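Please look over the model below before reading on. My notes follow as numbered points.

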Amino acid sequence: MEETTLLKLENAEICREENLILQNASLTVCNGEFVYVIGKVGSGKSSLLKSLYCEIPIRSGAAQLMEYNLCKIKRKQIPFLRRKLGIVFQDFQLLTDRSVVKNLEFVLEATGWKKKSEMSARIDEVLHQVGMQTKGYKMPHELSGGEQQRIVIARALLNDPKLILADEPTGNLDPETSGQIVQLLHDICRKGTAVIMTTHNYTLVHNYPGRIVKCENACLNDVAE
């Protein structure tokens, strides 16, 4: 697989309101790379991911994500950037009033898919990929936490993203289920999709090795294995 740079941050400064979260943050991520972002609660891990999908701004420095300059991105471009990303949240953020299939349909419709047959085929594909092909008719509350997170990963895969941003995806799960979810993300990564995953669970990082970047003292640093 030819190496392509997906993300390049150079001396980026990330603020929330007036609070400086990260400064001089530099990070390069290529296709097919699995990157853990570790650090204490409040060290800026989630803010880093939010800056990548333009939830919070990058104040200065350089930040290129695929073909988008995150420092100069226009509001109308943000939905197009987000379609190229898969985002996995700790708290799932599934629509509780509709089935798994209807949750996934909602995302496809919102991102411009029109043909029901193509939507149905794509939903089948991603549910198979996460081992949830028999659960499409279920409502979110009928699923375990681990099953809900698999559906969230399926949702993240719908538009075939080049990069998945997973923010503490195992934060609400037991250890065994957490391992299964991280294994699933590694399997997806091996097929060429880069993954940036925030965590403070060092057991997972040890058991499912990847590149490690640490958030500490408002800086980002690669950690040698």
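Which residues does N103 touch, not counting residues up to four places away in sequence?

1. Basis. This is a predicted model, in which local features need pLDDT of at least 70, side-chain atom pairs count only at pLDDT 80 or more, and totals for chains, interfaces and linings use all residues. Residues are numbered from 1 along each chain as its sequence is written, and side-chain values use heavy atoms, with hydrogens and water left out.

2. N103. The residues touched are L94, L95, R98 and P140, leaving aside those up to four places away in sequence (contact means heavy atoms within 4.5 Å). N103 sits in helix α3, residues 100-110. Helices (H or I, at least four residues) and strands (E, at least two) are DSSP runs, numbered from the N terminus. N103 has a relative accessible area of 2%, so it is buried. Buried means under 20% relative accessible area, exposed over 50%, and partly exposed in between (1.4 Å probe, protein chains only).

3. Salt bridges overall. The structure holds 13 of them. The criterion is a side-chain nitrogen of Lys or Arg within 4 Å of a carboxyl oxygen of Asp or Glu. Side chains of opposite charge can pair when their charged atoms come close.

4. R211 and E33. Their side chains form a salt bridge at 3.0 Å, N to O. The pair links distant parts of the chain, 178 residues apart. R211 is in strand β9 (residues 211-216), while E33 is in the loop between β2 (19-30) and β3 (34-38). A network of salt bridges links E33, R211 and D222.

5. E55 and R82. In this salt bridge the closest N and O atoms are 3.8 Å apart. E55 lies in the loop between α1 (45-52) and β4 (58-65), and R82 in helix α2 (residues 78-83), 27 residues apart. E55 is partly exposed at 48% relative accessible area. R82 is also partly exposed, at 32%.

6. K135 and E147. Here the closest N and O atoms of the salt bridge are 3.2 Å apart. K135 is in the loop between α4 (116-129) and α5 (145-157) and E147 is in helix α5, so the pair ties together parts 12 residues apart in sequence. K135 is partly exposed, with 21% relative accessible area.

7. Cysteines. How many disulfides does the structure hold? The count is 0, where a disulfide is a pair of cysteine sulfur atoms within 2.5 Å. For C15, the closest cysteine sulfur is that of C71, 12 Å away and too far for a bond. C15 is buried at 6% relative accessibility. C189 is in no disulfide either, its nearest cysteine sulfur being that of C30 at 11 Å. C189 is buried as well, at 7%.
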